[in-house]
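I wanted to go through this structure sheet by sheet, then turn to a ligand shell and an annotated stretch. These are my notes from that reading.

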Amino acid sequence: MPTMLKIAVQKSGRLQEDSLEMLRECGVRVDNGRDQLKVAASGFPLELFFLRNSDIPQYVADGVADVAILGQNTVIEKEKDLEEVLPLGFARCRLSLAVPKGTVYPDITWLNGKKIATSYPNTLRAFLIRHNIEAEIHEIAGSVEIAPNIGLADAICDLVSSGNTLFMNGLEEKEVILKSEAAIFASRNISTEARELLEKLIFRFKSVLAARNNKYLLMNAPNEALSEIINILPGMKSPTVVPLAEPGWSSVHTVISEDRFWEIIDRLKAAGAQGILIIPIQKMIL
Ligand SMILES: Nc1ncnc2c1ncn2[C@@H]1O[C@H](COP(=O)(O)OP(=O)(O)OP(=O)(O)O)[C@@H](O)[C@H]1O
Ligand SMILES: O=P(O)(O)OC[C@H]1O[C@H](OP(=O)(O)OP(=O)(O)O)[C@H](O)[C@@H]1O
Ligand SMILES: [Mg+2]
């Protein structure tokens, strides 16, 4: 039987949609309904296991799954020795300590003797030890932000992204313990055959990520402005310059990273560029 790469993906929750979308963009199709927890994909020799997020690190550590898409925060919390193969740029969040708004909190020593509610007891414990703080950790599975309001704890330690949940519960963020995003993690026991498949899949993931972060840029420019425009452009290689039907004008094409674009647009216009177009890239082979 040909080898299949076994990948664990969150069964339901915040990571699932983006994980499946990434796989889809990599040409992996998952046709069956999600009620089926073990599904063979088409388009790549891949078998998907839909599992509870918090159970996945153990499955990968044991080699039941070869790889997984997980938040870095979960792998740290579960204290599993997995190989982080590729960060994926979604599910960005941080694990933070927060206290009721208006609390006089001079520094981290305020936490001494306090009770802290969290779903991340291991990460919190390690953080407190690093800072020489003795506090009581009260583990709860969810809705952690409610704890101070119902007299369950003095502080909380939970994931924050927009900060909205903290705000709505009258809490203020005081310490950032770690920053996290989704990533592909691999088992330390992965077979040579599975590793080869993983390399192929990673190549596809990188092409998708690069395409997401870059844009194809086109503009028209008078020939006398070309050298200045080319100097402004931070392209992959030197830009393509094609003459237009109108004498004395050219079309300039290049690829730029999305976050550089706004920085240079005014300079391009000032240099004489016109008809600037920015086009999404589907895949970018590096
Ligand atoms: N508010 C958020 N913004 C961005 N990413 C988040 C946010 N909350 C969670 N995440 C990321 O998504 C992951 C999954 O979160 P989700 O809430 O779906 O599962 P969970 O409740 O932690 O899972 P389980 O209870 O099955 O362990 C988290 O581990 C984290 O990496
Ligand atoms: O800073 P924000 O953007 O408000 O996001 C933070 C919230 O998101 C997560 O909860 P989630 O919605 O995943 O609920 P859960 O407790 O059921 O996992 C996290 O546990 C926080 O409560
Ligand atoms: Mg959650």
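I began with strand β1 (residues 5–10) and strand β4 (residues 67–71), which run parallel and are joined by two bridges. Helices (H or I, at least four residues) and strands (E, at least two) are DSSP runs numbered from the N terminus, and two strands pair if DSSP finds at least two bridges between them. I looked up A8 and found that its bridge partner in β4 is A68.

I am reading a predicted model, in which local features need pLDDT of at least 70 and side-chain atom pairs count only at pLDDT 80 or more, while totals for chains, interfaces and linings use all residues. Residues are numbered from 1 along each chain as its sequence is written, and chains are lettered from A and ligands numbered from 1 in the order in which they are written.

**The six-stranded sheet**

I then followed the order of this open sheet, which is β2-β3-β1-β4-β11-β5 with mixed pairing. Its edge strands, each pairing on one side only, are β2 (38–40) and β5 (83–87). From one strand to the next the twist averages 30°, where axes are lines fitted to C-alpha atoms, for helices over the stretch in contact, and angles run from 0 to 180 degrees between N-to-C directions.

Which strands does helix α1 touch? Helix α1 (residues 16–25) packs on the sheet against β1, β4 and β11 (182–186), and its direction makes about 145° with that of β1; contact here requires C-beta atoms, placed from the backbone, to lie within 7 Å. Helix α6 (residues 192–213) also packs on the sheet, touching β1, β4, β5 and β11, with its direction at about 55° to that of β1.

**The four-stranded sheet**

The other sheet I traced is open and antiparallel, with the order β13-β14-β12-β15. The edge strands, β13 (240–243) and β15 (274–280), each pair on one side only, and neighbouring strands are turned by 20° against each other on average, direction ignored.

I looked at β12 (residues 214–222) from both sides: five bridges join β12 to β15, and nine bridges join β12 to β14 in the antiparallel sense. L218 stands opposite L277 in β15 and opposite H253 in β14.

Helix α8 lies across β12, β14 (249–257) and β15, running at about 150° to β14. I noted a kink of about 45° in α8 (residues 258–270), centred on I264, the bend being the angle between axes fitted to the seven residues ending there and the seven starting there. After α8 comes G272, whose phi is positive, near 115°.

**The shell around ligand 2**

Which element gives the largest share of this shell? It is β9, with three residues; β9 (155–160) and α5 (164–168) each supply at least two. Among the residues around the ligand are R14, E145, D158 and T165, counted when the C-beta atom, placed from the backbone, lies within 6 Å. The shell divides into two nonpolar, seven polar and three charged residues, with Ala, Val, Leu, Ile, Met, Phe, Trp, Tyr, Cys and Pro counted as nonpolar, Asp, Glu, Lys and Arg as charged, and the others, Gly among them, as polar.

**The annotated stretch**

Finally, I checked the unreviewed UniProt entry, whose annotation "domain: ATP phosphoribosyltransferase catalytic" covers residues 52–206. Over residues 52–206 the chain is 28% helix and 30% strand, with the end C-alpha atoms 26 Å apart.

Technical notes
Contact = placed C-beta atoms within 7 Å. UniProt positions renumbered as here; feature names shortened; annotations may be inferred.
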